[in-house]
Amino acid sequence: MALTVHFEEAATAKERSKIAKIGAFCCGLSLCNQHTIVLYVLCIIPWILLRLLKEKELSLGSLVKLSLYFSAGLLPYIYLPVSSYLSQARWTWGDQTTLLGFLTHFLREEYGTFNLAKSEIGSSMSKILLSQVTNMRTELSFNIQALAVWANICLVRKDRQNPSLVWLFTGMFCIYSLFFAWRANLDISKPLFMGVVERFWMQSNAVVAVLAGVGLAALVSESGRLLNTKGLQCLEWLSAALFVIYQIYSNYSICDQKTNYVIDKFAKNLLASMPPDAIILLRGDLPGNSLRYMHYCEGLRPDISLVDQEMMTYEWYLPKMAKHLPGVNFPGNRWNPVEGILPSGMVTFNLYHFLETNKQKETFVCIGIHEGDPTWKKSYSLWPWGSCDKLVSSEIVFNPEEWIKLTRNIYNWTEEYGRFDPSSWESVANEEMWQARMKTPFFIFNLAETANTPTNVKAQLYTHAHDLYKEIVYLQKEHPANWHKNYAIACERMLHLRDRGTDPELLLSETIRHLRLYTQKVQSDPQLADISVALKHLRKELQSLRNMKNV
């Protein structure tokens with residue numbers, strides 16, 4: 001955009017030609033970084049060509065030169081087929097050795113071109129556009145927005161200089177905003193997804209900032225004309241400097257992340273918790289990207305093998321990555337719930353077959369397991385291992401005391417609960433680490449709920465779950481709200497046990513107290529009405545129990 005302004009202000013054909021060539025190179029280079037920039041490029045390039053044509057400076061030779069400069073900006077893409085051919089990268093995305101593979105990667109077809117996520121249903125266009133306006137009011141000061149509007153108001157004046165620039169930038173802003181709102185297939189009612197969408201609004205905010213600069217220049221020019229003075233240029237520069245300083249001042253504390261090591265600690269805790277030579281089946285951006293960075297870039301835990309669950313379903317993943325995972329045996333070329341040989345000659349394998357082939361190693365899933373392949377369930381179970389889960393043979397008998405000892409202090413996590421912006425990845429990491437403390441009692445409680453569990457074992461499991469819930473609930477004042485509900489249910493189950501040395505009045509009081517705390521903190525639970533009914537019943541039971549004691 002800065003080059004576009006310089007091009008418009010250029011006085012000679014030589015200067016316009018030079019700026020056009022630099023701009024063509026920058027347009028190509030920008031496409032190597034961010035796909036959505038193409039919306040701006042598709043607006044700027046025709047505008048530049050029309051301006052050159054108007055000045056009678058556009059010829060076939062100059063058009064070829066501009067195309068070559070544009071192509072030169074795309075040269076970083078050469079790295080992809082070269083790297084894919086050499087196949088030395090320990091982590092990559094796609095097979096770019098063929099034209100089809102290159103285009104698949106270039107257009108992000110595996111996620112959906114210009115989509116933000118795969119198989120997601122987004123919010124409506126109107127909701128996203130309204131949120132964009134709200135975000136703009138937060139990110140940009142009122143002065144910036146007012147000046148951008150003033151730049152457009154000044155278009156009505158016939159003697160306005162460079163009106164085409166304002167039309168161009170305003171058009172870019174409108175096209176980008178409408179197109180992005182159409183393609184942003186994320187539900188922005190979820191804080192994390194809102195945070196993802198907000199990052200793309202920086203591109204439209206940049207146009208608003210440029211329009212504000214144009215508006216400031218127009219305002220100073222108009223003021224000078226009305227006051228019949230030409231000494232306002234210093235005031236223009238001072239105002240611009242003040243606007244920039246204010247933006248830095250108001251946003252510096254949010255942007256200053258030099259002491260933010262939350263994701264770093266998250267990944268290190270997960271890696272440190274793993275036994276030697278373990279296999280980790282990764283799922284999701286947070287564990288996938290953070291663990292891969294620590295493992296491949298920082299060199300942590302070289303004995304561990306990281307395998308991406310989602311990537312294993314793509315035909316290019318194992319042919320490219322398997323040789324970089326020498327500690328893992330793959331019984332085929334591609335993960336698929338239905339085993340067989342594909343028309344391409346690829347051999348597919350399911351998760352059960354994968355686990356059987358790698359039985360000599362301990363295998364974990366972080367975070368969660370692919371729902372599309374349930375074959376593992378016939379011979380394996382998932383046991384909680386902090387934020388992750390361990391795949392354990394169903395032949396192994398669960399020992400609650402031993403598992404509690406293994407997982408009680410699995411992480412060294414000291415971040416306060418709820419201290420991060422809900423739209424940030426730091427918040428997601430913090431939530432995962434806090435909820436990890438609850439996974440073992442939750443698992444033990446669910447085992448106790450199983451119908452075929454013997455009565456004496458049920459009592460033992462309920463007691464373990466109750467004690468663990470009580471420990472974590474009272475350990476910290478602030479913790480996830482669902483802990484109150486889970487602990488309350490565990491207390492209620494303990495009421496039905498006999499000869500466990502528990503005080504029924506205390507258990508009832510705890511059940512009521514923590515269900516009440518849960519209803520106060522979580523207003524969106526669809527079972528809220530049922531919980532309120534249960535609370536009334538429990539209060540009557542408590543009163544009845546106290547009356548019996550007083551008799």
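Trainee: Quick one to start with: is Trp47 buried or exposed?

Mentor: Trp47 counts as buried, because its relative accessibility is 11% and buried means under 20% relative accessible area, while exposed means over 50% and partly exposed lies in between, using a 1.4 Å probe and protein chains only. Please keep in mind that this is a predicted model, in which local features need pLDDT of at least 70 and side-chain atom pairs count only at pLDDT 80 or more, whereas totals for chains, interfaces and linings use all residues. Residues are numbered from 1 along each chain as its sequence is written, and side-chain values use heavy atoms, with hydrogens and water left out.

Trainee: How many aromatic pairs does the structure hold?

Mentor: The structure holds 26 aromatic pairs, where rings of Phe, Tyr and Trp (its six-membered ring) pair if their centres lie within 6.5 Å, and planes under 30 degrees apart count as stacked, over 60 as edge-to-face and the rest as tilted. In one of these pairs, the ring centres of Phe7 and Trp47 lie 6.2 Å apart with the planes at 65°, so the pair is edge-to-face.

Trainee: And which helices do Phe7 and Trp47 sit in?

Mentor: Phe7 belongs to helix H1 (residues 2–9) and Trp47 to helix H3 (residues 38–54), so that the pair links distant parts of the chain, 40 residues apart. Helices (H or I, at least four residues) and strands (E, at least two) are DSSP runs numbered from the N terminus. Phe7 is buried as well, with a relative accessible area of 2%.

Trainee: Which rings are linked into a cluster?

Mentor: Phe364, Trp383, Trp385, Phe398, Trp403 and Phe443 are linked into a cluster by ring pairs.

Trainee: Changing topic, what lies over the face of Trp91?

Mentor: That is Arg292, at 3.8 Å from the ring centre of Trp91, and in another case the charged end of Arg183 sits over the ring of Trp182, 4.9 Å from its centre. A charge sits over a ring if NZ of Lys or CZ of Arg is within 6 Å of the ring centre and within 35 degrees of the ring normal.

Trainee: Now the strands: how many residues of E8 are buried?

Mentor: Six of the six residues of strand E8 (residues 388–393) are buried, with Cys388, Lys390 and Val392 on one side and Asp389, Leu391 and Ser393 on the other.

Trainee: How many bridges join E7 to E8?

Mentor: Strand E7 (residues 380–385) is joined to E8 by six bridges, and the two run antiparallel; two strands pair if DSSP finds at least two bridges between them. Ser381 stands opposite Val392 in E8, and in the hairpin of E7 and E8, with two residues between the strands, Gly386 takes a positive phi near 65°. E8 also pairs with strand E6 (residues 363–366) in the antiparallel sense over three bridges, where Thr363 stands opposite Leu391.

Trainee: In what sense do E1 and E2 pair?

Mentor: E1 and strand E2 (residues 305–308) pair in the parallel sense over four bridges, and Ile280 stands opposite Leu306 in E2. From strand E1 (residues 279–282), Ile279 and Leu281 point one way and Ile280 and Leu282 the other way, and all are buried.

Trainee: Last one, how many helices and strands are there in the protein?

Mentor: The protein has 21 helices and eight strands, and 44% of its 551 residues count as buried.
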